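Visitor: Can you walk me through this one? I have the sequence and the model open.
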Amino acid sequence: MTALDTVTAPAVTRHTSPSRGLVLAMLRLHRTALLFWLGLVVVAAGALLWAMGPGADAAWAEYTDLGCDQAAPNLGCDSPGPANSRYQTAVTVAIGLVRLLPLLTGAWAGGALIGRELENGTAQLAWTQSVGPARWLAAKLAVPALLLVTGTLTLTLLHRMLWSADRGAAINVMGWRAWHDTGVFEVNGTIAAAEALAALALGVLAGMLLRRTLPALGVAVLTVMSLVYVLDALRPYLWPVKTVVTSLDDGTPGIDSMIVETGAMTASGARVPIPSCSGEPGCDARTGITHYYADYHPASHFWPLQLMETGLLLAVAALAAATAFVLLRRRTGAAV
Amino acid sequence: MTDTAIEAAGLGRRFGRRRAPALDGCTFRLPAGRVCALTGPNGAGKSTLLALAAGLLRPTEGGITVLGTTPAAARERLAYVAQHKPLHPQLTIAGTLRLGRDLNPRRWDARVAERIVAEGGLDPDTKIRALSGGQRTRVALALALGKRPELLLLDEPMADLDPLARHQLTATLMADAADHGTTVVMSSHVVAELEGSCDHLLLLGSGRVRLAGPLDDLLAAHTLVTGRAGKALDPHTVVESRATGRQLTALVRPAGPLGDGFQSDRPSLEEVVLAHLRSPDAPPLLLDRRGAAV
């Protein structure tokens with residue numbers, strides 16, 4: 001085998017880690033997706049940076065010109081001017097792109113990343129090079145995960161800066177955006193990044209299970225949509241609520257809370273729906289209600305709610321990734 | 001370094017419980033350095049066997065040893081070209097070879113791979129999706145040989161090549177294999193395609209090994225006899241016999257000297273293979289064991 005050794009000698013000196021080669025190969029294979037992701041991050045980040053700088057300046061100037069920052073705002077403050085509209089559009093575009101991300105990630109992971117490779121046999125081509133199936137799958141998960149988390153967290157940081165700026169807060173109130181709004185809530189914390197990771201893992205699992213591009217793409221999109229929908233519905237119940245009880249004259253609490261449930265209470269403390277005759281004379285006495293109540297999350301519940309949901313998403317991601325590895329192992333019998 | 005390239009013991013693979021096994025109780029041994037023809041009718045289990053040897057599938061029964069170890073552990077030392085030559089359509093030829101370099105950093109020989117591509121007159125900047133079937137095969141073989149494998153597994157490698165390209169690529173392949181002592185396993189259901197380039201035969205039928213051993217030994221073990229119908233062929237093993245009128249033609253494995261009244265001929269590879277395919281009940285003949293024949 002000396003002839004063979006001399007032939008391969010130059011190759012040995014270059015780089016000897018198949019893992020490094022695998023990462024390089026992956027980046028080259030999925031160059032289009034990589035460029036698309038970079039483009040998406042640049043557009044969303046650009047929109048946020050613009051909104052934070054010139055966008056906010058113009059909107060704020062318009063706001064103060066109308067006298068809306070004064071103690072007694074006039075009616076014109078209710079309908080935003082053109083500068084404010086442009087600001088709102090930029091922020092909406094950035095949030096929209098982040099909200100779209102789990103779907104795009106799931107579709108890509110199920111279809112292009114795994115399903116297509118198993119359907120046309122290029123996965124088997126990779127597995128018969130010097131890297132085994134398990135390492136191949138690990139790279140398929142790790143490289144996109146790293147890029148997704150880096151990009152998404154960048155957007156989250158930018159949005160938090162925009163959100164916490166004083167002027168931004170005032171303009172956001174004008175845009176009727178609250179901290180607990182779907183879209184705002186995810187992008188302001190760790191949920192956006194965790195959603196992308198869960199979508200990646202679910203897409204990979206769909207690809208491993210179905211082994212064909214289009215079915216995997218479809219199933220991945222449906223699964224990710226269901227997950228996002230379910231978590232959205234589950235969100236208020238991930239942390240104990242606070243309850244406020246108000247007299248019949250005060251009404252229900254203010255808008256800066258995530259309201260979970262409102263209703264009326266009788267003298268015995270039983271919770272009943274707000275009667276349809278509410279507000280009419282004699283209604284309260286007739287129905288026997290004495291107070292209104294509201295279960296809600298104050299703004300201080302932001303991080304507990306964020307971390308609970310992030311934890312759930314990461315658990316889903318870990319479970320899906322582990323299942324994908326088990327499937328691969330059962331099929332190929334290969335450990336590494 | 002082991003002298004056995006592939007050894008299978010009771011190897012079986014089932015796809016789904018209700019379907020008949022693709023491979024069933026295959027036991028054979030392929031010595032290193034051979035060029036082995038793997039043949040059999042469609043659906044005989046050729047592709048399954050190659051995928052098992054390449055470590056792409058897990059056997060459901062028995063075991064397979066490749067280059068003295070498990071297929072997974074031998075991954076770096078074997079190359080496999082699947083039947084439909086999967087390659088990434090979005091890469092160029094040069095990009096495909098770079099993939100081979102990146103994924104086989106300890107073994108890659110760019111000169112070998114580039115030479116095979118250049119011999120086909122292919123421009124390295126062409127995208128894979130623009131190649132014809134035969135050109136794809138050439139790139140797939142370049143990728144496989146660039147890895148400098150000790151064992152080369154080829155599933156229907158020449159199926160979509162024109163006769164000239166087939167001749168050229170076979171010559172390239174055989175020269176390379178001879179230079180480096182590579183063991184080659186090549187599947188095909190066209191027997192004529194394999195004769196001349198192979199020195200070992202593995203014939204599968206319905207997932208079982210029908211014939212296994214050095215080509216010359218297998219041919220020498222069979223005799224084509226013609227004689228008068230009704231004459232007994234005992235004690236020889238009859239693979240296939242056909243009577244046309246009073247004339248009897250049979251392929252037998254002689255157990256001793258043939259009796260008088262029989263004319264005997266050396267059969268061709270195609271005749272031996274076809275006779276076995278037409279007679280699924282003929283006993284298998286395995287001449288690949290160390291030393292003894294069965």
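Guide: Start with A:Pro133, which lies in helix α6 of chain A; helices here are DSSP runs of H or I with at least four residues, strands are E runs of at least two, and both are numbered from the N terminus. This is a predicted model, where local features need pLDDT of at least 70, side-chain atom pairs count only at pLDDT 80 or more, and totals for chains, interfaces and linings use all residues. Residues are numbered from 1 along each chain as its sequence is written, and chains are lettered from A and ligands numbered from 1 in the order in which they are written.

Visitor: Is A:Pro133 buried or exposed?
Guide: A:Pro133 counts as buried because it has 25 C-beta neighbours inside 10 Å. The cut-offs, with C-beta atoms placed from the backbone, are 20 or more others within 10 Å for buried, 12 or fewer for exposed, and partly exposed in between.

Visitor: What follows α12(A)?
Guide: A:Gly333, with a positive phi near 70 degrees. Buried residues of α12(A) include A:Leu313, A:Val316 and A:Ala317.

Visitor: Switching to chain B, what are its domains?
Guide: Domain 1 (4-215) and domain 2 (216-286), with bounds from an automatic or database domain assignment. Their C-alpha centres lie 32 Å apart.

Visitor: Which element gives the most to the side of domain 1 of chain B that touches domain 2 of chain B?
Guide: β9(B), with six residues.
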